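Thank you for making time this morning. I would like to walk you through one model, so please have the sequence and the coordinates open as I talk.

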Amino acid sequence: MSTAPRLSFLKGHGTENDFVIVPDLDGRLELSAAAVARICDRRAGVGGDGLIRVVRSSAHPEARDMADRAEWFMDYRNSDGSIAEMCGNGVRVFARYLQRAGLAEVGDLAVATRAGVRRIHIAKDTGDAARPGDAAAGTDGPITVEMGEAALPESGPDGEITVTVGERSWSARNVNMGNPHAVAFVDDLAQAGELLAAPAVHPASAYPHGTNVEFVVDRGPRHVAMRVHERGSGETRSCGTGACAVMVATARRDGSDPAVTGHPVTYTVDVPGGRLVISERPDGTVEMTGPAVIVAEGELDPAWLGTALG
């Protein structure tokens with residue numbers, strides 16, 4: 001009989017940014033970077049843009065100091081196994097799992113992440129959780145996440161950042177949403193190329209641990225569309241923190257700063273996998289609203305898992 005561990009998992013997505021969810025409530029599981037990469041492998045594993053481990057904050061050394069404010073910690077890993085500070089779509093899926101498992105209810109919720117505590121609101125099922133035609137339409141209600149404040153650090157001797165794909169280069173805005181982003185406005189999203197490899201970003205010193213790169217086009221008044229190369233994952237169908245970074249960069253480009261005007265501003269951000277609505281309040285807090293869907297659950301084969309865990 002196999003002595004390999006048995007591991008339950010779920011699969012979920014937020015605007016088609018998909019994740020393997022591993023409930024490990026008491027923090028007993030050790031997942032190496034190699035094991036995460038194998039689980040997230042789309043051909044030889046479950047497949048996902050990342051892995052979310054669900055742990056009680058009190059049971060995780062990186063979250064114990066947040067346990068008095070948030071019962072649950074989102075231990076998020078990129079698909080290559082590297083650790084990430086935060087994932088906006090992932091935290092909505094994390095909240096949906098807690099709701100599904102009976103660990104959270106409709107209403108307000110606090111979740112600990114490596115970027116700090118994020119406050120979340122799970123709406124009631126309204127029957128229109130996504131725009132008509134989206135796969136998530138008619139499922140559980142949308143989830144709103146307080147994503148914290150955006151930081152707009154200066155970079156390089158002249159504060160300029162450049163993003164390059166092939167022979168094309170664009171000026172970019174450095175926006176930090178708990179994780180780093182370089183936001184470039186382009187004429188056509190196709191100019192971003194295949195995004196199989198990370199676009200070149202200059203100066204590299206602006207992002208010592210790498211960065212997510214967003215390419216943005218205008219769709220209408222306070223309405224943009226984007227593509228993204230996520231650090232450690234490649235191009236993904238959506239990126240929640242990236243959509244927030246895009247909203248802030250676009251608002252500043254458009255001359256809008258709620259801290260100055262005293263009025264909130266809201267943008268619609270289309271991603272390849274759907275639509276997100278992003279708002280910035282006068283106090284600087286950025287809020288993201290969008291769908292989150294659990295699509296499957298199961299158990300990893302013990303023999304395969306034993307080889308994955310090595």
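**Strands, helices and a few local details**

Let me begin with strand β12 and strand β13 (residues 223–230), which pair in the antiparallel sense over 7 bridges, where strands are DSSP runs of E of at least two residues, helices are DSSP runs of H or I of at least four residues, and both are numbered from the N terminus; two strands pair if DSSP finds at least two bridges between them. This is a predicted model, in which local features need pLDDT of at least 70 and side-chain atom pairs count only at pLDDT 80 or more, while totals for chains, interfaces and linings use all residues. Residues are numbered from 1 along each chain as its sequence is written, and side-chain values use heavy atoms, with hydrogens and water left out.

Staying with this hairpin, 2 residues lie between the strands, and R222 takes a positive phi near 50 degrees. Within the pairing, V213 has H229 in β13 as its bridge partner, and V213 in β12 also stands opposite A182, which brings us to strand β10 (residues 180–185), paired with β12 (residues 212–220) in the parallel sense over 5 bridges.

As a reminder, most residues other than glycine have a negative phi, and most peptide bonds are trans. E16, in the loop between β1 (7–14) and β2, is not a glycine and yet has a positive phi of about 70 degrees.

Strand β17 (residues 285–290) has two partners to describe. Strand β7 (residues 143–149) runs antiparallel to β17 and is joined to it by 5 bridges, with E149 opposite T285. Strand β16 (residues 274–280) also pairs with β17 in the antiparallel sense, over 4 bridges, and here S279 stands opposite E287. β16 and β17 form a hairpin with 4 residues between them, and G284 in the turn has a positive phi of about 95 degrees.

How many aromatic pairs does the structure hold? There are 2 aromatic pairs, counting rings of Phe, Tyr and Trp (its six-membered ring) whose centres lie within 6.5 Å, with planes under 30 degrees apart called stacked, over 60 edge-to-face and the rest tilted. F19 and Y76 form an edge-to-face pair, at 5.8 Å centre to centre and 75 degrees between the planes. F19 lies in strand β2 (residues 17–23) and Y76 in strand β4 (residues 72–78), so this pair ties together parts that are 57 residues apart in sequence.

Turning to the helices, α1 (residues 33–40) and α5 (residues 302–309) pack at an angle of about 135 degrees, with their axes 8 Å apart. A35, R38 and I39 in α1 meet W304, T307, A308 and L309 in α5, contact meaning heavy atoms within 4.5 Å.

Finally, a word on confidence: the protein averages a pLDDT of 91, and 92% of the residues score at least 70, pLDDT being the predictor's confidence in each residue, from 0 to 100. Over residues 128–138, however, pLDDT stays under 50. Where pLDDT is low, the predicted coordinates should not be read in detail.

Methods
Axes fitted to C-alpha atoms, helices over the stretch in contact; angles between N-to-C directions.
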